[in-house]
Amino acid sequence: MPTYQADAIVLRRLDYGEADRIVTLLTREYGKLAAIAKGARRGKSKVSGSLDLFERSNMMLAKGRNLDVVAQVERRGDARHISGDLQRTAYACLVAEVVDKVLEDRHPVDEIFDLVVRTLGDLNVVERSPRADAAWFLMRILDVLGYLPQLQSCAGCGVDLPEAAGWFSPLLGGVLCARCGDHQQAGSPVSVNGLKVLRLMAAGQAELYDRLRLRSDLLREIEQALEAQLEYHLDRHLKSLDFIRGICETPSPTLPTRGRET
């Protein structure tokens, strides 16, 4: 069978038959694709220990009739701190689900691949906040998809927004001024600090964002706005968010100190 190489990340795994495993891969060269790793669940398989979730590898794949076949795997790193932490695993699942929903099969997008590599790398660093890193991912994926929220002017009437609390409307795609904001419509409140952080994120100021130590209530504001915006445009609920809410509402005792608190 003809073979090809790919820089790949394992997004999902599914046991198949007695010993095989079907994997959903995000590759730089070929986009999202599914492949079968034959005998991967056998201890003596050459690829059994190299297809862990969220790990990046150089893969050799062989063309198959229905599914391509994983022939060889050479790890490029590890995701041990993700797999060893339920909260980090939950946020990595969110990344994987979003990518799976937004990408068509075999349609490579370099920006998304690079974003996933960076996000999973950040989630694998124990000193970092997985909530803050996942929120940054949501803003960046909205930017790549062309759905960056409107944060400088009112999404309803277009008037410049003051540095004041407002209402975020996923339907209109941004923050509403006091005159347009109606708390009976779908959306969520945004505080002054929430608006400032959202603007910083939308501008791509990663270094400044990394220096912030975001309070749990402020992170929740940001998450509500970005998650609602993404789900509205995807026209579907992200199941991984239910998983996250089930385990991550209580702040982790290992959350890092990231400079001054906001």
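**Exercise 1. Find the strand that holds serine 188, and decide whether this residue is buried or exposed.**

Step 1: Serine 188 belongs to strand β8, which covers residues 188-190. Strands here are DSSP runs of E with at least two residues, helices are runs of H or I with at least four, and both are numbered from the N terminus.

Step 2: The relative accessible area of serine 188 is 7%, so the residue is buried. The cut-offs are under 20% for buried, over 50% for exposed, and partly exposed in between, using a 1.4 Å probe and protein chains only.

Step 3: Beyond its neighbours within four places in sequence, serine 188 makes contact with Trp167, Phe168, Gln224 and Ala225. Contact means heavy atoms within 4.5 Å.

A word on the source: this is a predicted model, where local features need pLDDT of at least 70 and side-chain atom pairs count only at pLDDT 80 or more, while totals for chains, interfaces and linings use all residues. Residues are numbered from 1 along each chain as its sequence is written, and side-chain values use heavy atoms, leaving out hydrogens and water.

**Exercise 2. Describe the surroundings of valine 192.**

Step 1: Look for valine 192 in helix α5, residues 192-202.

Step 2: Its relative accessibility is 30%, so valine 192 counts as partly exposed.

Step 3: Setting aside neighbours within four places in sequence, valine 192 touches Glu163, Ala164 and Ala165.

Step 4: Isoleucine 244 is 52 residues from valine 192 in sequence, and their C-alpha atoms are 26 Å apart in space.

**Exercise 3. Which residues have the most contacts inside the largest nonpolar core?**

Step 1: A nonpolar core is a set of buried Ala, Val, Leu, Ile, Met, Phe, Trp, Tyr and Cys residues joined through side-chain atoms within 4.5 Å.

Step 2: The largest one has 61 residues, and Val99, Met201 and Tyr209 have the most contacts inside it.

Step 3: Not counting residues up to four places away in sequence, methionine 201 touches Ala135, Trp136, Met139, Arg140, Tyr209, Ile222 and Leu226.

Step 4: A second, separate core has 16 residues, including Ala6, Leu51, Met59 and Val73.

**Exercise 4. Sum up the whole protein chain.**

Step 1: Count the secondary structure: eight helices and eight strands.

Step 2: Of the 262 residues, 49% are buried.

Step 3: Along its principal axes, the C-alpha trace spans about 65 × 35 × 30 Å.
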